[in-house]
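Biologist: Thanks for sitting down with me over this one. Could you walk me through how its parts are arranged?

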Amino acid sequence: MQRWTDLADVPSGYGPSVVTIGNFDGVHRGHVGVLERMVGDARAAGVRAVAVTFTPHPSQVHRPDTAPPLLTGDADRLELLAQTGLDAVLLLEYTLAFARQTAEEFVVRYLVEGLAACTVVVGHDVRFGRDNAGDLTTMIELGRTYGFTVEVIDDVAPVVSTAIVAAPAPGVAPHRRWSSTWVRELLEAGDVAGAARVLGRPHRMRGIVVHGDARGRELGFPTANLAQDATGMVPADGVYAGWLRPLRAPGDPAAEATDVLPAAISVGTNPTFEGVQRRVEAYVLDRTDLELYDREVVLEFVAMLRPTVRFDSIDALVGQMRLDVERVRDVLAPAPPRG
């Protein structure tokens with residue numbers, strides 16, 4: 001998949017293309033369903049499939065104090081979008097100046113002249129251009145003027161069966177649409193298993209491993225601490241079973257990007273030690289030899305084991321950590337996630 005951050009990056013004469021527009025935060029099952037259908041239609045027509053998306057999220061520009069946490073950072077969003085089969089993604093910097101474009105200016109510059117769109121795929125609730133003045137009717141009218149068709153795709157919802165309606169699985173509402181909001185609600189409750197059902201994969205965080213207080217190492221459970229600027233929404237405080245994947249640094253053959261390591265992941269302030277800073281740290285099972293400092297890693301959350309609690313003694317904490325490790329083994333026993 002080609003990745004562009006400016007129209008100047010788009011090869012001259014690129015297209016024709018089927019184009020969709022969206023934020024795609026989390027790249028959940030609804031996004032994937034729409035994108036895979038779009039890619040299939042593009043392949044059948046012999047044209048390119050392109051997604052236009054934005055960074056930062058528009059809500060972070062227009063209402064930074066109330067914007068919801070992002071489920072994925074740009075690196076993970078692009079990686080997940082690539083898995084849908086898209087030919088290219090145009091990742092545009094979203095600024096107040098960018099937002100002042102009229103709906104027509106945006107469509108002409110990016111979709112018509114930049115990507116040679118023959119079809120634009122949108123949802124019923126599409127909004128674009130200055131003050132979100134452009135809507136579905138606007139897009140259809142612009143398509144007539146500039147020579148592209150508009151395809152409207154409804155949101156994708158879970159397949160509903162009689163069994164699901166009678167006894168819905170945890171984390172799955174039988175009549176609710178897949179959505180980023182739904183995923184955030186589940187993560188706020190610590191229900192990472194439910195979030196995975198909506199996402200179609202485990203929720204992930206990505207960040208650089210930094211030095212912590214070294215208490216885990218002293219207790220026999222050395223942890224990889226994620227930097228505070230790690231991307232991906234932090235789930236509720238607690239202890240989780242999950243996976244740690246070290247990423248290969250440029251020019252570093254020793255860093256295996258394909259390693260997927262079982263881990264006990266802790267989220268919280270370490271109340272037993274009177275901690276105040278919320279941290280995400282992971283202990284890779286049975287490994288005390290890993291050197292992960294300054295390495296970028298991905299953490300994937302599979303299941304919540306227990307909430308974070310304060311222990312009366314170090315011995316009580318260590319005893320619980322041993323139990324947590326055994327529970328992680330049980331949870332992760334079937335198989336590691338796909339890369």
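**Helices, sheet and confidence**

Modeller: Gladly! This is a predicted model. To begin with two helices, the axes of α5 (residues 103-114) and α6 (residues 136-146) come within 11 Å and cross at roughly 55°.

Biologist: Which residues of α6 make the contact with α5?

Modeller: On the α5 side, the contact involves Ala103, Glu104, Val107, Val108, Leu111 and Val112. By class, the contact has 8 nonpolar, 1 polar and 1 charged residues. From α6 come Thr138, Met139, Leu142 and Tyr146.

Biologist: Nice. Which are the edge strands of the open sheet?

Modeller: The sheet has 6 strands with parallel pairing, in the order β1-β4-β3-β2-β5-β6. An edge strand pairs on one side only, and here those are β1 (2-4) and β6 (149-152).

Biologist: And what is the bridge partner of valine 18 in β5?

Modeller: Strand β2 (residues 17-21) pairs with β5 (residues 117-122) in the parallel sense, over 4 bridges. Within β5, the partner of valine 18 is threonine 119.

Biologist: Last one, my friend: where is confidence lowest in the protein chain?

Modeller: The chain has a mean pLDDT of 88, with 86% of its residues at 70 or more. Strand β4 (residues 88-93) has the highest confidence, at 98. The lowest, at a mean of 40, is in helix α7 (residues 162-166).

Notes:
Residues numbered from 1 in each chain as written. Predicted model: local features only at pLDDT ≥ 70, side-chain atom pairs only at ≥ 80, totals over all residues. Heavy atoms only, no water. Axes fitted to C-alpha atoms, helices over the stretch in contact; angles between N-to-C directions. Contact = heavy atoms within 4.5 Å. Nonpolar A, V, L, I, M, F, W, Y, C, P; charged D, E, K, R; others polar. pLDDT = per-residue confidence, 0-100. Pairing = 2+ DSSP bridges.
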